[in-house]
Amino acid sequence: MLLITSPGESMELLYLVPVAGLCLLGGGFIYLLRSRKRIGLHPVVRELLNQAIDQRSIMLVEFTGLDTAGGRFFGPCVKFDEHTLLIDVSLPKALPAWTNRTVSVNFDINYKGISSYYQYMSQLRELPRLAGGYGMLLDTPAEILSNQKRSFVRVAPLKEVTFGIGIWPLDPAQERPSDPAALGVAQLSYRLDHPEQMSLLNVSAAGLCLELRHPQGEQPPIDLQPGDRLLCLLMLRSQEGERTLPFWLDCTVVNRAEKGTRPDIVVGLNFNAWAAPRQGKAVDWFTVGEDGAVGPLAAWVLQQQLAQLA
């Protein structure tokens with residue numbers, strides 16, 4: 001159909017067509033901006049979560065509601081996208097009543113031996129079934145904030161400053177031994193020249209993180225789980241490098257995660273008490289302070305951090 005217009009109407013159409021086009025373009029541009037805002041992920045958030053996955057950082061998930069307060073779960077973030085992230089907390093069963101609850105998540109990542117701590121708030125959406133139990137599927141956070149949740153410096157010590165580590169399981173009610181030699185050979189051990197069974201990933205005045213290794217297809221010598229109690233002997237090099245510093249540590253396992261395909265196990269330990277050797281094989285035990293710190297170990301950790309920054 002041929003549309004016939006007057007000269008005046010033609011001029012009006014000439015003005016209206018570009019205006020209409022600009023409106024359409026503007027509307028499309030606004031739609032694209034809104035779409036990008038809706039599905040985009042801030043580069044800083046993406047980088048922090050990628051670092052957490054690469055370093056197998058253990059995330060602490062805490063419920064914040066009054067009826068679920070006190071619920072604390074640990075596990076690594078295994079994947080994320082613009083909408084959700086998955087934390088493998090290895091729950092033995094799924095509890096649908098937890099879904100749509102608000103949680104606070106804390107984690108740390110390491111850079112050149114120095115740990116930085118972060119926190120974000122999220123919503124629990126699902127409890128998907130994973131290989132080792134049930135995980136937590138959360139909303140991916142729009143922002144992640146710096147958070148000094150821990151009170152103490154945590155350092156990844158250089159290999160040559162850790163002479164040895166020994167691990168003995170303890171019963172929950174077992175008294176701390178005044179002569180640890182009576183416990184016999186350690187069930188897990190590490191020596192600087194034989195690091196096959198374990199390695200020290202990081203240590204602070206209040207706890208440490210160990211990676212436990214075992215050959216493909218074999219069961220680990222100790223199946224450590226959160227809540228287990230251990231006696232740990234930590235043999236460290238003095239700052240001057242002239243002597244060995246032994247620390248006997250009564251510890252509790254606070255988190256556990258599988259790493260790699262073998263799989264190796266990463267466990268986090270908190271200190272309950274510590275002992276200093278006296279003459280002979282006997283030791284004197286001291287409970288940790290209200291802050292959970294082992295004072296002499298705090299000094300050693302700080303020295304290590306300063307040495308690595310030098």
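1. Start with the lining of the second largest pocket. Strand 14 gives the largest share of it, six residues. Strand 14 covers residues 244-259. Keep in mind that this is a predicted model.

2. Which other elements give two or more residues to this lining? Strand 2 (72-80) and strand 3 (84-91) do so, along with strand 14. In total, 20 residues line the second largest pocket.

3. Look next at the centre of the second largest pocket. The lining residues nearest the centre are D88, V89, S90, R256 and A257. The space in this pocket comes to about 430 Å³.

4. What classes of residue make up the lining of the second largest pocket? Nine are nonpolar, five are polar and six are charged.

5. Strand 2 and strand 3 form a hairpin. Three residues lie between them. The two strands pair in the antiparallel sense, over three bridges.

6. How many bridges join strand 3 to strand 7? There are five, and these strands run antiparallel. Strand 7 spans residues 133-139. Here T84 has D139 as its bridge partner in strand 7.

7. Strand 3 gives two or more residues to the lining of the second largest pocket. Strand 3 pairs with strand 2 over three bridges, and five bridges join strand 3 to strand 7.

Note on methods
Residues numbered from 1 in each chain as written. Predicted model: local features only at pLDDT ≥ 70, side-chain atom pairs only at ≥ 80, totals over all residues. Heavy atoms only, no water. 1 Å grid on protein atoms, 1.4 Å probe; cavity = no way out; pocket = protein on both sides within 12 Å on 5 of 7 lines; lining within 4 Å. Points joined across faces, edges and corners; volume = space filled by probe spheres on them. Helix = DSSP H or I, 4+ residues; strand = E, 2+ residues; numbered from the N terminus. Nonpolar A, V, L, I, M, F, W, Y, C, P; charged D, E, K, R; others polar. Pairing = 2+ DSSP bridges.
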